[in-house]
Amino acid sequence: MATADEQIRVSDRVKRHLDRRRQSGESYNDVLERLLSEGNESDFHDGFGLLSDEQADRLRERREEAKAEQRERMRRLSERL
């Protein structure tokens with residue numbers, strides 16, 4: 001493995017993004033090289049990390065509430081049959 005020629009500073013947000021994209025055994029340099037070589041093609045992971053943890057939690061809670069409401073509607077409809 002080559003040693004670092006230079007160091008760069010990244011924000012905590014960028015580091016978390018790199019950590020999510022990092023595959024087993026990859027260095028940060030490996031991740032950056034892989035991501036840069038992928039070009040601008042759309043990726044499944046595009047958009048991940050855009051919400052804060054609080055926003056994501058609210059979205060999950062609302063989704064669960066909506067699922068519960070749908071189950072209740074289906075239960076009421078089935079009782080009418």
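Arg62 is partly exposed, at a relative accessible area of 43% (buried means under 20%, exposed over 50%, partly exposed in between, with a 1.4 Å probe and protein chains only). The model is predicted: local features need pLDDT of at least 70, side-chain atom pairs count only at pLDDT 80 or more, and totals for chains, interfaces and linings use all residues. Residues are numbered from 1 along each chain as its sequence is written, and side-chain values use heavy atoms, leaving out hydrogens and water.

Start with the overall plan. The protein chain has three helices and zero strands (DSSP runs numbered from the N terminus: helices are H or I with at least four residues, strands E with at least two). Its pattern along the sequence reads α-α-α. The protein chain has 81 residues, and 10% of them count as buried.

Now turn to the contact between two helices. Helix H1 covers residues 12-21, and helix H2 covers residues 28-37. They pack at an angle of about 85°, and their axes lie 10 Å apart (lines fitted to C-alpha atoms, for helices over the stretch in contact; angles between N-to-C directions run from 0 to 180 degrees). H1 and H2 are therefore roughly perpendicular to each other (65 to 115 degrees; under 35 is roughly parallel, over 145 roughly antiparallel, the rest oblique).

Which residues meet there, in H1 and in H2? From H1 come Lys15, Leu18, Asp19 and Arg21. From H2 come Tyr28, Val31, Leu32, Arg34 and Leu35 (contact means heavy atoms within 4.5 Å). By class, the contact of H1 with H2 holds five nonpolar residues, four charged and no polar ones (nonpolar: Ala, Val, Leu, Ile, Met, Phe, Trp, Tyr, Cys and Pro; charged: Asp, Glu, Lys and Arg; polar: the others, Gly among them).

Stay with H2. Val31, Arg34 and Leu35 of H2 are buried. They lie on the same side of H2, because they cover an arc of only 95° around the axis (taken from the directions from the helix axis to the C-beta atoms). H1 is included in what covers the buried residues of H2. The other side of H2 carries Glu33, Leu36 and Ser37, which are exposed.

Next come the salt bridges. The count comes to ten (a side-chain nitrogen of Lys or Arg within 4 Å of a carboxyl oxygen of Asp or Glu). Look along helix H3, residues 53-80. Arg60 and Asp57 sit there, three residues apart, about one turn of the helix. Their side chains meet in a salt bridge, at 2.9 Å from N to O. Arg60 is exposed, with a relative accessible area of 52%. Asp57 is partly exposed, at 39%.

What does Arg62 meet in a salt bridge? Its partner is the side chain of Glu65, at 3.6 Å from N to O. Arg62 and Glu65 are three residues apart in helix H3, so about one helical turn separates them. Glu65 is partly exposed too, at 42%.

Arg76 and Glu72 are four residues apart in helix H3, so about one helical turn separates them. Arg76 is partly exposed, with a relative accessible area of 40%. Glu72 is partly exposed as well, at 30%. A network of salt bridges links Glu72, Arg75, Arg76 and Glu79.
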